[in-house]
Amino acid sequence: MKNEDSSLKPSMPELEKKLLERIQASGISLRVMHVCGTHERTIAKYGLRSVLPQNIDVISGPGCPVCVTPEKDIDIAIALAKSGTTVVTFGDMMRVPGSAESLLDAKSEGADVRMVYSIDDAVSLANKKPELEVVFFGVGFETTVPANAAALLRNPPENFSLLASQKQTPPAVELLASDAEVDAFIAPGHVATIIGTKPFEHLAEKGFPVVVSGFEARDILLGINLLLAQAEKGVSRVDNGYPRVVKPEGNTIALKMMNEVFETSESEWRGIGNIEGSGLVLRKEYEEKDASKKHEDLYSASLAEIRAKAEKKDKKRCICAAILTGKAKPSQCPNFGKDCTPKNPTGPCMVSQEGMCYNWFRYSREGGSRLA
């Protein structure tokens, strides 16, 4: 339950108290969507929804990169692993289900699947083990793309390639703005660190107040205050609530590397569909490092087997698509906390620490304020 009482816990930090009192004093109704898994983690961990007044509703959008990685990309990664290559990726990505199984399932069956912390770890493995064909399954938003671009610019060994499933955030947010019932947006701080605030100005031009926020509880509360200030004045613009890190122009060095190695494309978002201009693929000069093309003949048979297996699989109903688009909450899923838990996830939103279902399972079921 949300707390409409303005009397706050005396032990709550003073700044948070003032920010929350300002929100509670406003009578404006605002439905705010954030598009960042770390924002959701902060909101859930500190119980922010429980202390916000009823007129402020904060919902989660597709801000978890693991959650929006499509099944077909995961299937290709699994097929590569089953065909003799060494597939390396982040830990969360190993557990996300594809159409029939996960990379962790493939590993349990004998495929060479390994966890790494960065693409540099993958390149290091390729250098140390020239007898292996190392494929880095690179997923994520603009935040992780510069590191992948930098690795390719450093001329990695011949036995290294990249399976890219990378997204650009603004096109997806603009699509949701035309579809979801949302009044304002909290833009992702990590992404804005790279791309700046300007790419979100299209939302403001369409009448949506936007704020870029950091990742502490006070950052989220400040962001909501800035959105309320815009709504009270009847204006829409992009406010930078994270100026200690985010610049309007973003990180120009990182953007230059991205643009040198990658180009924009259409991309499929799990639960949403294809979004024009939201993907990043390797430019022609770097196609020799594109694992989906380099090893296509190798993994095609395994991929066909995976798809055939998927057709026979009895899938449990998962509403991740509705959750990722702000149309449902985890508690509305029939599997939530029952057939679907972090130890045994049915859908991608329960896998990652940035997934809404994961954070609701870990934090939000308890209720109450944890700001103190």
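Trainee: Is Ser-99 buried or exposed?

Mentor: This is a predicted model, in which local features need pLDDT of at least 70, side-chain atom pairs count only at pLDDT 80 or more, and totals for chains, interfaces and linings use all residues. Residues are numbered from 1 along each chain as its sequence is written, and side-chain values use heavy atoms, with hydrogens and water left out. Buried means under 20% relative accessible area, exposed over 50%, and partly exposed in between (1.4 Å probe, protein chains only). Ser-99 has a relative accessible area of 8%, so this residue is buried.

Trainee: Which side chain does Ser-99 join in a polar contact of 2.6 Å?

Mentor: Ser-99 is found in the loop between helix 6 (91–95) and helix 7 (103–108); helices (H or I, at least four residues) are DSSP runs, numbered from the N terminus. A polar contact is a pair of N or O atoms within 3.5 Å; within protein, one must be able to donate a hydrogen and the other to accept it, and residues adjacent in sequence count only if both atoms are side-chain atoms. At 2.6 Å, the partner of the Ser-99 side chain is that of Asp-75.

Trainee: What is the average pLDDT of the protein chain?

Mentor: pLDDT is the predictor's confidence in each residue, from 0 to 100. In the protein chain, 94% of the residues score at least 70, and the average is 91.

Note on methods:
Helix = DSSP H or I, 4+ residues; strand = E, 2+ residues; numbered from the N terminus.
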